[in-house]
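Please read it with the coordinates open beside you.

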Amino acid sequence: MNDSPYPLRSIYFYLTKYCNLKCRHCWMAPEHQASLSGANLSSYLDLGLIRSTIDQAKDLGLESVKLTGGEPLLHPRIEEVIKIVRDSGCHLVIETNGILCSTSIAELIGSFAPKVCVSVSLDGSNALTHDWVRGVSGSYRRAIIGIENLVNAGLKPQIIMSLLRRNKDQIQSVVKLAEELGAGSVKFNPIQPTARGVTLYEGNEALSINELVSLGAWVENILVQKTNLRLIYTHPMAFRSLSRMFAGEKAGCSLCGVLSILGVLADGSYSLCGIGESVPELVFGHAADLPLADLWHDNHILRELREGLPERLTGVCRDCLMKAMCRGSCIAQNYYSNGNLWSPYWYCDQAYGAGLFPTERLSKSESGIGRVSKPLSYREEERGDPQWNGKRLS
């Protein structure tokens, strides 16, 4: 039994740097690989390393393993990977586009029940929309088949819909489709301003903060009343009512467990999460060379996060009453955007600048006015010595 104040609850294995789709919004921006034909097998995570990492992590408190990518089902030995996780006794989480979710794969995943959660991306209620978002013709039809295979295997997969200007009017129809397919929940993700997502914001294909806040309120207060499915709208906790946070299973509320997770990239490197593919400062060494316990206990970035969260957060996150629970929402995204671990989350920062941040969630100064700095003013307060203190080195 692990009694550390900071147990390692979950390992995220980024099984491959490849994906068989070309999604316009992907925050990972993996290389396109339609099939295994001609693929460089060294670009897929080694089975022995996966097994060794799980064994080491169990001594640190491991409870769940997430398989993601790229597209995890592209791994040439994916069935063996899944069996390794099953034999470990850990809860299995898989994020997939569904294209390669055959009957046999679905049945293997189903053998984990009830210790399994599978998410399948579906970005529209018709092929025209979904295929445009995913960049490959026929991906909608194949994703639907994958979902059906999972349901036939006794699972209730989660549908993940990434929200763009092109598909925002299909939210309700996607929920209806999820009901008809036998899904268990639907999760709505705003586009992150990372990698390919940056291009969508520059081209006005991503939604504005006004639209995102408005959609969140509609999903959580109106749409949720029209379905028996669990709905999760991925916005920071400050935008949720207390009744939503504690209303039970139907009222979805997802948090980033930055203090209890670790990523393993396709090349075998440890990373804060998949952000290591874009931010080399958040890669911590190779799993074959560094004992996991040493990394988990001694890495200076992980130690800094444990010691600094939530008090070192800046800007609107510094003054948010939910910061102890939210912890900056997504530290990796904050660092990617601004080169600083303690930067405010982009969604909250923009909402505050637009006058949309819930004032009842802000701490007050003696004068009764929220102490939140003006948007991006945290850049001024973070000037200091050019050494690592949560900031990107120049």
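1. Secondary structure here means DSSP runs, with helices (H or I) of at least four residues and strands (E) of at least two, numbered from the N terminus. The model is a predicted one, in which local features need pLDDT of at least 70 and side-chain atom pairs count only at pLDDT 80 or more, whereas totals for chains, interfaces and linings use all residues. Residues are numbered from 1 along each chain as its sequence is written, and side-chain values use heavy atoms, with hydrogens and water left out.

2. Two cis peptide bonds deserve a check. The bond from Ala113 to Pro114 is cis, with omega near 5°, and Pro114 sits in the loop between H3 and strand E6 (116-121). The bond from Leu309 to Pro310 is likewise cis, with omega near 0°, and Pro310 belongs to the loop that links helix H11 (300-308) with helix H12 (315-318).

3. Ala195, in the loop between strand E8 (185-190) and H7, has a positive phi of about 50°; its relative accessible area of 23% makes Ala195 partly exposed, where buried means under 20%, exposed over 50% and partly exposed in between, for a 1.4 Å probe and protein chains only. Arg327 has a positive phi of about 55° and lies in the loop between helix H13 (323-326) and helix H14 (331-338); at 29% relative accessibility, Arg327 is partly exposed too.

4. Is Gly197 buried or exposed? Gly197, a residue of helix H7 (residues 196-202), counts as buried because its relative accessibility is 0%. Leaving aside neighbours within four places in sequence, Gly197 is in contact (heavy atoms within 4.5 Å) with Arg24, His25, Cys26, Ile191 and Gln192.

5. On helix packing, helix H1 (residues 47-58) and helix H2 (residues 78-88) meet at an angle of about 20° with axes 10 Å apart, the axes being lines fitted to C-alpha atoms over the stretch in contact and the angles running from 0 to 180 degrees between N-to-C directions. H1 is therefore roughly parallel to H2, a label for angles under 35 degrees, with over 145 counted as roughly antiparallel, 65 to 115 as roughly perpendicular and the rest as oblique. Leu47, Ile50, Arg51, Ile54 and Lys58 of H1 make the contact with Glu80, Val81, Ile84, Val85 and Ser88 of H2.

6. H2 also packs with helix H3 (residues 103-110), at an angle of about 10° and with the axes 10 Å apart, so H2 and H3 are roughly parallel to each other. This contact involves Ile78, Glu79, Ile82, Lys83 and Arg86 of H2 together with Ser104, Ile105, Leu108 and Ile109 of H3.
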